[in-house]
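Subject: Structure for you to look at

Hello,

Here is the structure I promised to hand over. Please open it first, then read my notes below.

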Amino acid sequence: MQWNPIVANVVRVVTRLHATLYRVVGGKGLLGKNTLILTARGRKSGREVPTPLLYIAEGERLYIVASFGGSDTPPHWYRNLLAHPDVKVELGGTTRGYRARSLSPEEAAPLWPKLKAMYPPYDSYQKKTTRVIPVIELSPL
């Protein structure tokens with residue numbers, strides 16, 4: 001599924017607003033779910049770009065999903081962290097450095113039930129796209 005460019009731009013604007021609100025209200029996500037702010041350096045611009053994302057935690061590692069709503073195109077933040085895997089993560093009022101790594105489908109398989117339990121639309125997103133939706137592991141630096 002390809003997203004209409006106008007819809008993709010609306011999503012980006014809403015994402016920026018969500019990041020701002022997250023910070024204003026002290027680290028609460030809009031969906032009432034586990035939300036973090038991932039800040040990755042732009043692969044072209046070099047600017048730091050904050051993106052609110054849902055996550056699950058296992059020990060000190062965090063796991064996020066590059067779904068982009070089931071689009072056949074991966075989200076920009078994902079392409080940025082492939083170019084620059086050292087990122088910052090805001091959880092609540094704390095910011096910490098992490099290294100991002102895409103998991104193989106085999107490594108991601110045991111995490112998918114937990115991710116889908118947290119956010120059921122992930123299941124339908126995979127059905128909409130021809131790409132394998134990546135799960136990314138964030139390990140503390």
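Lysine 127 is exposed, with a relative accessible area of 66%. (Buried means under 20% relative accessible area, exposed over 50%, and partly exposed in between, with a 1.4 Å probe and protein chains only.) Its partner is aspartate 123: the two side chains meet in a salt bridge, 3.5 Å from N to O. A salt bridge here is a side-chain nitrogen of Lys or Arg within 4 Å of a carboxyl oxygen of Asp or Glu. Aspartate 123 has 30% relative accessibility, so it counts as partly exposed. Both residues lie in helix α5 (residues 121-128), 4 residues apart, about one turn of the helix. Helices (H or I, at least four residues) and strands (E, at least two) are DSSP runs, numbered from the N terminus.

Some ground rules. This is a predicted model, in which local features need pLDDT of at least 70 and side-chain atom pairs count only at pLDDT 80 or more, while totals for chains, interfaces and linings use all residues. Residues are numbered from 1 along each chain as its sequence is written, and side-chain values use heavy atoms, leaving out hydrogens and water.

The chain averages 84, and 77% of its residues reach 70 or more. Confidence is lowest in helix α1 (residues 5-24), at a mean of 60. It is highest in β7, at 98. Where pLDDT is low, the predicted coordinates should not be read in detail.

Now the sheet. It is open and has 7 strands, in the order β2-β1-β5-β6-β7-β4-β3, with antiparallel pairing. (Two strands pair if DSSP finds at least two bridges between them.) β2 (48-54) and β3 (56-58) stand at the edges with a single partner strand each, so one side of each has no neighbour in the sheet. From one strand to the next, the twist averages 35 degrees. Strands β6 (residues 94-102) and β7 (residues 135-140) pair in the antiparallel sense over 5 bridges. Arginine 101 stands opposite glutamate 137 in β7.

Which strands does helix α2 lie across? Helix α2 (residues 76-83) lies across β1 (35-41), β2, β4 (61-65), β5 (86-91), β6 and β7. It runs at about 55 degrees to β1. (Axes are lines fitted to C-alpha atoms, for helices over the stretch in contact, and angles run from 0 to 180 degrees between N-to-C directions.) Asparagine 80 sits in this helix. Its relative accessibility is 6%, so asparagine 80 counts as buried. It touches Ala40, Arg41, Gly42 and Arg43, leaving aside residues up to four places away in sequence. Contact means heavy atoms within 4.5 Å.

Back to the charges. The count comes to 9 salt bridges. One of them joins lysine 88 and glutamate 48, with the closest N and O atoms 3.0 Å apart. That pair links distant parts of the chain: lysine 88 is in strand β5 and glutamate 48 in strand β2, 40 residues apart. Lysine 88 is partly exposed, at 34% relative accessibility.

Glutamate 137 also forms a salt bridge with arginine 61, the closest N and O atoms being 3.8 Å apart. These two are 76 residues apart, in strands β7 and β4. Glutamate 137 is buried, at 8% relative accessible area, whereas arginine 61 is partly exposed, at 41%. Salt bridges with shared partners join Arg61, Arg101, Glu107 and Glu137 into one network.

Best wishes

Methods:
pLDDT is the predictor's confidence in each residue, from 0 to 100.
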